[in-house]
Every structure is written in C-alpha cells, then in structure tokens.
Amino acid sequence: MASLADKLSDILNSAVNFGPELLLVSGILLLIVVDLMVKSSRWLSVVSILLATLVLVTDAMQWKLLENPVALFSEFLMLDSPAAAWKVVLDIGVLLVMIMAGRSVPLKSRGESYPLIFTLLLGGHLLVMASNLLIVYLSIELISIPSYVLAAFHFNKRGVESAVKYLLFGAVASALMLYGMSWIYTFTGNLNFIRPEFIDALLNADIIPLTIATVLMLSGLLFKIAAVPFHIWAPDAYTSSPTAVVALFSTVPKLAGFSILAKWFLVINLFGLSSIDWVSILSVIAMITLLIGNFSALRQSSVKRMLAYSSIAHTGFMMVAIVSVSEQASRNLFFYATVYTLMNIAVFTLVQLLEHKENITKAEEYKGMIRKYPFTGVLIVVLMISLAGLPPTGGFTAKLLVFTSLWEAYDYTQNPVLLYLFLFGLLNTVISLFFYLKVPFFMIFRERSDPQKDGEQKNVVWENYFVMILVLVILFLFFKPDSLMDVINNISFAF
Amino acid sequence: MLQDHLLSYLIFLPLFAALGVAVLPKKLHSYSRQIALAVSILQLILIAFLYLNFDAGQKDYLTTSFQFTERVNWITLDLQGLGKLSAEYFVGIDGLNVTLVLLSVLILLIGVIASWNIQDRVKGYFSLYLLLNASIIGCFVALDFLLFYLFFEFMLLPMYFLIGLWGGARREYASIKFFLYTLLGSMLILVVMIGLYLSVIDPAATAVQIGLSNAGTPVSMEVIAKVQEMLKAGAIPEAQLVKTFNLIYMTDTANLIPASVMDTDVTRLLMGSPARLVAFLFLFVGFAIKVPVVPVHTWLPDAHVEAPTPISVILAGILLKIGAYGLLRIAFLIFPDGAFHYSWWLGFFGVLSILYGALNALSSKDLKRLIAYSSISHMGFVLLGMASLTAEGVSGAVYQMVSHGVISAALFLIVGVLYDRTHDRMIENHSGLISKMPQYGVVVVIFFFASMGLPGFSGFIAEILVLLGAFSASGYPGMLPKWMAMLATLGLILSAAYYLWTIQRMFFGQFHIKKYQGVLNDLTSREILMFVPLILLALLLGIIPASILDMINESVNLFVVTILEQGEQNLQIP
C-alpha cells in the first residue's frame, strides 16, 4: 500500500500529463460562465473555436513531446502514442464541427450546446487513454450523456422521440457492458486490462462464461461505433438531430469507440490464443454491417438518413482494419479514421448549408441546385466520390490501405472468412456508389421546378471555402499519402 | 526537351485546359470549344512528333523497349513490417500502345469537331471533355498499375456526366448503368492489384534499400539479378522489401516474393483454384466488361444509344480499346500462364461476342443500336486474335483496335448526322435517303463496306489477320480449335448481311421519312471535315498495312514469345 504522500505525488505528476484535459474542463466551465454573462452566440462560438484550437495545439504538442508511455492516476489512464494521436484526431473533429456550427441555428440559439460538445470530447479523451475497464465505462457514459441531450436539440417532437430512443438503446448497451465487466472482474480480480496478469487470468478462465462476458462487453462498444446489430439508433438520431450534431456523432464518438475497440479486441482475442475465433466473428459482423449499411442507404430519400447508413457502412470498412489484427492495420485504421473525419464533416457542412438556405432535406429536393450553387455542387461530387472510395481521393487510399492489411492478414492466417470479407467489402463499393451518386444526380441532372430567375445571384458562402480546404486535403491525401503516413508511422500501436 | 516530357504534355495539357475552362468567366463561356479544339490540335502536333520519332526497330526484350519514358517517384509509403509501398509516375510507349495513343488523339479531335454545335452548358461540357481526354491518354501510356487504375477509374466520372447530362431520353438510366457496370469490373481489378503489389518487389529500389546500390545512381543489371536471387533465397527481411505497382516489374516472375499469393512456385489456392489463375480471371472479367465481351456487354447498347453523338464516338472509338489494351498489357503480360491456360475460353467468348453481336445487330430496329451491336461483334475479333496467342492473331487484334476505332467512330458520326436532321434513328422510318443526300449516302456506303471487311479497307486486313491467327493456333494442342475460326468467319457474313440490308432499307427505294417534314440538307462542310480524315485513314490502313504493322511488329512478336514461353513455364495446376 502506497503512502498518501506517494499517491499525492502520483496525482501531481499525472496532472502535468493531464494538461489538455484540465484545459478542457476549465474551458467547459468558462463556456458556461460566458453563456450566462454574455447573451451573444457569436462570442460563444468564437470562444469555442478558440478553445478547440487550444486543445488541439496542446494535444499535438503533447503527442510530439511524448517519448514513452506514461501511466496516469495509478494506471487508470495510459498516455501512449496511439492515445495521444487519437486525441488529436478527435480534437480536429470537434474543431471542424465548431466551425461548421457557425451556421447551426439550433446550436447557436442555446449556449449549453458548446459545453456539451466539449464534455463529449472530454469523454473521448478519457476513452482513448483508458487502461482500466472502469474508466472505459465512465468515459463511454461521459460521451453518451451529452449525446442524448444534443440529439434532442431541435426541441421538437421528433427530436425528443429519437433522443429518447437513443437514450434507451444507450442505457441498455451500457448496462450490458457494465454487466459484462462485472463478470470479467470475477475472473481477473482486476480491472486494469493492460496488465499481463489480467490476460493470464482470462486465459485460465472458463470459456463459456468468458464468452458471455465478452459478448456483453462487445455489445457496448459496437453500440458506440454503430455496428450491426447495435446500429438501430443511428438513422433516427441522425435524421432528427441538428446537422452539426450529426457530423459530430458520426465522427468523434465513433472514432473514440474504434480506438478502444482496437485495443480491447487484442485482449478479447487473447493475442491470438483465444479458443473462440473472434476474428471470424467480428469479420461476419463487419460483413453484415456493410451489407445493412449499404443496402438500407439505397432506399433512403432523406439525405441525412442516407448518410447515417453510409456511416454505418464505413463502420464496416473500419472493422476490416480491426479484424486484420496487426500494428500496420491499426495504422491504416488511423489513416482511414482521419480521412473519414474530414470527408464526413465536410459533407455534413454542405448538407447543413443547403438545409439552412433552401430548407431542403430530401435528395430529390436537391434538384437543379447546381445552377444556384455551382461550386458547392462540384465539392459534393468530390466528397461523394471520396466517401465511395474512388480515386483520386483520400477515401480511395484509405480503403486501399485497409484492404491491404486485410489481405496480409489473410495471407498470414489463411482464414477464408477474411477472404470473403475482402471480396465482399470491395463489391460493396459498387453498391455504395449508387446512393452516393444520388445527391449529385438530383443536383446536376434534374432541373429545378421553379426555373431560376435571370437576375438571381449565385450564392457565395463561407462554407464553400471551408469545405474547399477540406477537399484539397482529401485530394492531397490521395496524391501524397506518405505525408500523413510518415506521421502515423511514428505511433507505436503494439502494447 | 520535348522528347523527354512528350507524354506528360499529352496528359497534362488537356488536364490544365479542363481546369482553365472550368473557371472561365461567364462572358467567355463560348470560347471553351475553341480551347478544346486548340488542345486537340496541339496534341496532334505532339503525336506527329511522336510518330516521326518512334523507333520501331529490333528490341531485345518487351520490357526494355519503352520509349518516351518518364519516371518519377510518386508515393513511397512505409508500411514498416510489410516493407515499403512504392508507386511511380511512370509513362512510356511501345508497339502495343503507340497506335492507340495516335488513334485516341485523332478521335478526340474529331469528337471536338462533332461537339461544335453543343449549346447547352458549353463550359461544363468541354471541361468534362478535356478531363476525359486527359484520362484516356493517361490510361494508355501508364506503366504503373496505380497510375493506370487512377486514370481508368477517373475516366468514369466525366463519362457519367457527359452521358447523363447531354444524352438522350433514357440518359439517366444508361449513365448509371455504365458507371456501376464498369465500377464492378474495376473492383475485380482492384482485388488483383492489391494482391499483386503485395507480391512484387521493385528490385532496383530494394537494392538501394538494402545497401547494394546507392540512391540516385542507376542500378546495374548484376545488382538486380543479385537482389532477385536474394529474394528467392529469402535473404531479404520483409521490412526491407520495396513493393511496387510497376507494371514492368510485375511481368518478371523473378520479382515475385517467394510464397506470396501471386508466386508461381507454390500452388496457392484462392477459392479452390490456383491463385494466379483466379487473378487472371478477375482481370479478364474486369476488362471484359469494358471491351465489352458477351455476356457482360449489356451496358453498351444503352450507353451508346443514349450518349450524345461525340461521346458515342469516343466510347466506341477509344474507350472499348482500353479494355482490350488492359487485357494485353496487364492480364496477359502479368499472368501469361492464365492467358495460356484459358486461351480456349477467351477464344470462345470472342466467338460468342462476334456471333451474338452480329445477330443482335441483324435484328436491331434502331440504327444506333445496330451499330452498337456491330461494335460488340467487331471487338470479339480483338479478343479472338489475342486468344490465339500467335503473332498474326495478336497483330490482327491490335490492328482491329485501330481499324475499329476509326470505322466505328465514323459510323456513330453517321448516325449523328441523320439524327441531327430527322430526330429519329429508326431504320424503318427512313427510305431512299440517297436521293436527297447523295454525299451522305456515299459516306455511309464507304463505312458500311469498310466495317463489313471489304478488301481495300482497314477492317479487312485486321480481320484476315485475326482469322489467320485463329486458324494457325489450332495447330497447337489445347489451343483454339478450328471451329472457332470457322464460326468467326460466319460473323463476317452476318455483318455483310446487316449492313447491306440496312443500306437497302434506308438508302435505296422510294424516298420517304416518317416524321420529318422539312428540308433534308446534305453534309455540311463541318461534317465533311470530320469524315474525310476517317475515310482516308480507313483506306490508308487498308491499302498499306505496313503503316501500322511496322510499328507494332517487333513488340507483338516479343509479346507472343513471352506469353508462350512464360505461360508454359509458370503454369502449375495441382
């Protein structure tokens, strides 16, 4: 038993490495105060963007300065290079959402939204650093609770309905996960899952209860990343939440979930020693996720709902990297996640723009919009092509890398399920193109029902420039993927 | 020097012009067609230079006979444990693609002239057209798989919009069908591409990596041989290997990593068959969709019928050749064992396309649909010629690509001329046209005869070579049987039948047009300007076959020798 003095010094030492999170916490408090004192949404949004930038910069510096993994707060948290890198991606996601929220009426009209988003980010930070199941649970809750509130931010009937749905599903998933954790605790007597004795204990555990416990635990994580069969909340929540919130939901919590799943999957798989073939099981889940995501998206008329299913399909693609189980696969997952964040937020920015300016939500209502928003139309085409994963976009490179690691895994293990996943995943690209082209199709191929008046000005909006920068980055990542990959290569994913 | 970057100029000129056109201010929109024309004329000058400087003389190996090459490092991705991934900007031409580049530039120029009357959204049209131009040229000259794939895929996008926005009544259906079909093929190609690049190393870059050679200096042949030896002995750690998309390295089995999926030595199974043969089949299906080969041809009649005339011209004249070229350059050369093993089936699908296309053409009521099906039939000859794996057959296949490029382009222009005047393409609604449009009638007769393979026209030489190849291939056991060549000959007869019948129905007899009431003008000078070079070319290629054969002979001979030697050597069937 360490003395109180030791504990205090541990906490103090940890606090140094906990800088970005402390910054976040004080930022959240500051935002609440600002909201109370200044009744101007402009100020709130400026402060939020500043805060997000500041957190991003501190996280980036922390990543750059980090040499060896550091255990924080008596090994509840582990700050290693993957955690530091994931935090940066989450920060980028939140920063982009904050910029995008500049046009979000529901978020701007109520100042609470900003602290809620940062609370979610705090949960994400803790989740990617978590090395203790308790922290995993707490941080997932810390992500979820603001999410439930944000989902209802339209404050109308549908919004509240979907938020309640989301809450119920979320509560069940959390309960299952907590229950699974308690079972696991009985095997290991320990919640710190990166300790060797934790793995040893699991190796000696009885297989049937262990499997049940693992399935229970997995369901909580699958819920967060919106994988089948725990995806049902996503389309509803996406359709009736404010678009900026959807952009957030589809990226930040999902990526945080993936970072912990990637870590946790190694544990579940007992580093390849498990007698249950978790790789095949997760591969099948990935296949079903791809299938349901893509096929359901085909039939949607609401653009946000379609993109919700598209993000479910992308979950399937990212799970491809998880089942490949290698350090390189984790790097490729990270690459995919980065590209995915950029393109998803970019596309939602444009969706929000048209929703706000033209009051349109359905794909067919986009018809003829190219005449009024020519540049926006071009950007949407590029983004959809990137989401579908065709060259010359970063979406293609990401897919190429993920499937490369899958091929290597197949080559190494000769597990036929991986081969099916490989072929199936690529064929799904063809299906996905069909719905990704829907919006450009209506926008460009169909004429508006109310023909444009001669004097009507083409709209110049700041979103075009914002998204143009993101699109340029996405294109750049196709032509020079090494620029990002060299950075990612410095992350040591082995643990 | 011009010589050093000629191919890059060919690619990037239209690319930058496309971007330029895209940002033209509203007042200058109408100049976009002039810009497109200027680009095409500049390209024509460039290829004239290329034609004059192309060295068709004797070569040692197919893999070292590239000219006008340009090679720049593009992507070097460190995959750590898996080695390095390297993709290059690598372009060059040899006898297999030189004629196709020449053809493309020419057809693209004619396409611009044919597009001159486009009034709707001129800026968008020509900027997409120029993008298409760049990706077509890029596709033909790329010698790096990733680069090839980039252009191959990217081409779909402008094509999709060009058909979908400027096409006929069912354009939306046709364009998405075209896109999805071709994308399905691309995915099969992508599967093989991933498998291949993980199996093939760049021996020169690997030599640098393991310190056998210095960066920046050319790597000698001895060092390359040493690296390949070390590779086979497993003496290079995987993290040091430089895995490459280079199509030339992929053809050399010495660069295959031992026990990798595409390795020839192990009988690796993929879904129950040897992996290399499966890979060949994937590539075959992927490219066959583009050719198209029956039974994966169904997108073509729709796309052709709905596409605007200039785009049909490009589609038939050039895009179909990309499929066939992909088969030659990628499927055959990288997997000669597959080409050797499946030659019977390739020949079979070739003959099937010839006959099925011809029979469908015979029953078509729409002139454009008839020509679309005749395209399928004539592309069947290309496949049959390749499948024969003889020098005659492969020369014939390459010849047929050029010849069909010229003739089918003209045939679609012919349909366009009629449609511009009567807004109708139904054969039964027209008769006796020759009395009102004598010049048009002459052009039609010339090209119909050229397409049915009348001696004196390019089609004759091409098809005769293919048939010769197919007949002589029947001398080898396990290759094409005689009946295939005989059935293919039947395709010639059928094509004579549908063309003659069409001439009889539409051009002879009493003048009558069902729908149109106005004056029927004969060819305008712009239209004559499009047809004259095509007529001259069809005649020139028909009378002086050496004009093409001299350029391609050396490469074709090396191609056939390589395929046969390596095909037999690499083939392993458990």
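Guide: Gladly, and let us begin with a term: helices here are DSSP runs of H or I with at least four residues, numbered from the N terminus. Please keep in mind that this is a predicted model.

Visitor: Why is A:L390 called buried?

Guide: Buried means under 20% relative accessible area. A:L390 has 3% relative accessibility, so the residue counts as buried.

Visitor: What is A:L390 in contact with, beyond its neighbours within four places in sequence?

Guide: Its contacts come from both chains: A:I385, A:F396, A:T429 and A:L433, together with B:E153, B:F179, B:L183 and B:M187.

Visitor: And A:P392, what makes that residue buried?

Guide: A:P392 has 14% relative accessibility, and with the cut-off at under 20%, that residue therefore counts as buried too. A:P392 also lies in the loop between α18 and α19 of chain A. Not counting residues up to four places away in sequence, A:P392 touches A:L475, A:F478, A:F479, B:L150 and B:F154.

Visitor: How many residues of chain A are in contact with chain B?

Guide: There are 41 residues of chain A in contact with 45 residues of chain B. Between them the chains bury about 4,000 Å², with 74% of that on carbon and sulfur atoms. On the chain A side, A:W407, A:V430 and A:F445 lose the most area to chain B, together 17% of what that side buries.

Visitor: What makes the pair A:R446 and B:E172 a salt bridge?

Guide: A salt bridge needs a side-chain nitrogen of Lys or Arg within 4 Å of a carboxyl oxygen of Asp or Glu. For A:R446 and B:E172 the closest N and O atoms are 2.7 Å apart, so the pair meets the definition. The count of salt bridges between chain A and chain B is two.

Visitor: How do you know that the span of helix α22 of chain B agrees with its number of residues?

Guide: At 1.5 Å a residue, the 19 residues of α22 (residues 525-543) of chain B should span 27 Å, and the end C-alpha atoms are 27 Å apart, so the two agree. Among the buried residues of α22(B) are B:M530, B:F531, B:L534 and B:I535. The buried residues of this helix pack against several helices of chain B, including α3 (98-114) and α23 (546-570).

Notes
Residues numbered from 1 in each chain as written. Chains lettered and ligands numbered in written order. Predicted model: local features only at pLDDT ≥ 70, side-chain atom pairs only at ≥ 80, totals over all residues. Heavy atoms only, no water. Helix = DSSP H or I, 4+ residues; strand = E, 2+ residues; numbered from the N terminus. Expected span 1.5 Å × (residues − 1). Buried < 20%, exposed > 50% of the residue type's maximum accessible area, 1.4 Å probe, protein only. Contact = heavy atoms within 4.5 Å. Buried area = accessible area lost by both parts, 1.4 Å probe.
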